[in-house]
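Thanks, everyone. Please look at the screen, and I will walk you through one chain.

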Amino acid sequence: MRRMNFLRPLLVLLIAVATTIGLASSASADAPKFHSASASVNGSGALVVNFDERGLGNTNIDYTLTADSTAVYACINGGGNHPQAANKETVNGDVAGGGSFEPKNGRVVASLSAGPISAGAFSCPSGQRLVLASVSYTNILLTDTTNGVSTSLADVSRTFFNV
């Protein structure tokens, strides 16, 4: 009988430890966190963010991508040159994109894009074509709206034509 009295507190302690470990494991499995995220500008001037978020469950995760953008549009003549006239336009605005992804093993590895902002009403004279000369993105923010987790990314830019 004494031996049983000694084992009972030990058994209670083991159950408490096992329960604590089990709760800690399940909590870390549902602790969303961006493992990595990087921004770049693709060949058409769009902001592209590649990311890896971990600690997710198995339901779809919704994301938004937002940034401030500045784009310079210019007119290029038939020889591929920008005439020395003042035929270029700088436009500023916000860009946004989004998507929904299904986690695989509690992880989403994906990419989102946004932009570029349009030239608006700016147009070129006859014999010249409108091009995106350069674009930059600042205040880039990727948000997992399902779990309320965000990450900020470094500013990016790209020049296509020196004007």
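Let's start at one residue, Phe51. What is Phe51 in contact with, once its neighbours within four places in sequence are left aside? The list runs like this: Phe34, Ser36, Ala37, Tyr63, Phe101, Val108, Val109, Ala110, Ser111, Leu112 and Leu142. Apart from those, there is a second, separate core of 5 residues. Val72, Ala74, Ile76 and Val131 are among its members.

Keep in mind that this is a predicted model. Mean pLDDT for the chain is 85. Of its residues, 79% reach 70 or more. Residues 10-14 have pLDDT below 50, and beyond near neighbours in sequence they make 0 contacts in the model. Residues 16-29 are also below 50, and that stretch has 3 such contacts.

Now the largest nonpolar core. It has 30 residues. Which of them have the most contacts inside it? Phe51 is one, together with Leu47, Tyr63, Tyr137, Ile140 and Leu142. Where do the core residues come from? Seven strands each supply at least two: S1 (33-41), S2 (47-54), S3 (61-77), S4 (88-101), S5 (107-114), S6 (128-144) and S7 (149-153). Strand S3 gives the largest share, 7 residues.

Next, the disulfide. How many does a search of the whole structure find? The count is 1. It joins Cys75 to Cys124, with S to S at 2.2 Å. As a reminder, a disulfide is a covalent bond between the sulfur atoms of two cysteines. Here the link of Cys75 and Cys124 is left-handed, with -95° about the S-S bond. It ties together distant parts of the chain. Cys75 sits in strand S3, while Cys124 lies in the loop between S5 and S6, 49 residues away.

Are the two ends buried or exposed? Cys75 is buried, because its relative accessible area is 0%, and the cut-off for buried is under 20%. Cys124 comes out at 21%, so it counts as partly exposed.

Last stop: Asn58, in the loop between S2 and S3. Is Asn58 buried or exposed? Its relative accessible area is 63%, so Asn58 is exposed; the threshold there is over 50%. Asn58 still has partners. Not counting residues up to four places away in sequence, Asn58 touches Glu102, Pro103 and Gly106. Look at Asn105 as well. Asn58 and Asn105 are 47 residues apart along the chain, and their C-alpha atoms are separated by 7.4 Å.

That's the tour. Over to you.

How values were computed:
Residues are numbered from 1 along each chain as its sequence is written. This is a predicted model: local features need pLDDT of at least 70, side-chain atom pairs count only at pLDDT 80 or more; totals for chains, interfaces and linings use all residues. Side-chain values use heavy atoms; hydrogens and water are left out. A nonpolar core is a set of buried Ala, Val, Leu, Ile, Met, Phe, Trp, Tyr and Cys residues joined through side-chain atoms within 4.5 Å. Buried means under 20% relative accessible area, exposed over 50%, partly exposed in between (1.4 Å probe, protein chains only). Helices (H or I, at least four residues) and strands (E, at least two) are DSSP runs, numbered from the N terminus. Contact means heavy atoms within 4.5 Å. pLDDT is the predictor's confidence in each residue, from 0 to 100. A disulfide is a pair of cysteine sulfur atoms within 2.5 Å.
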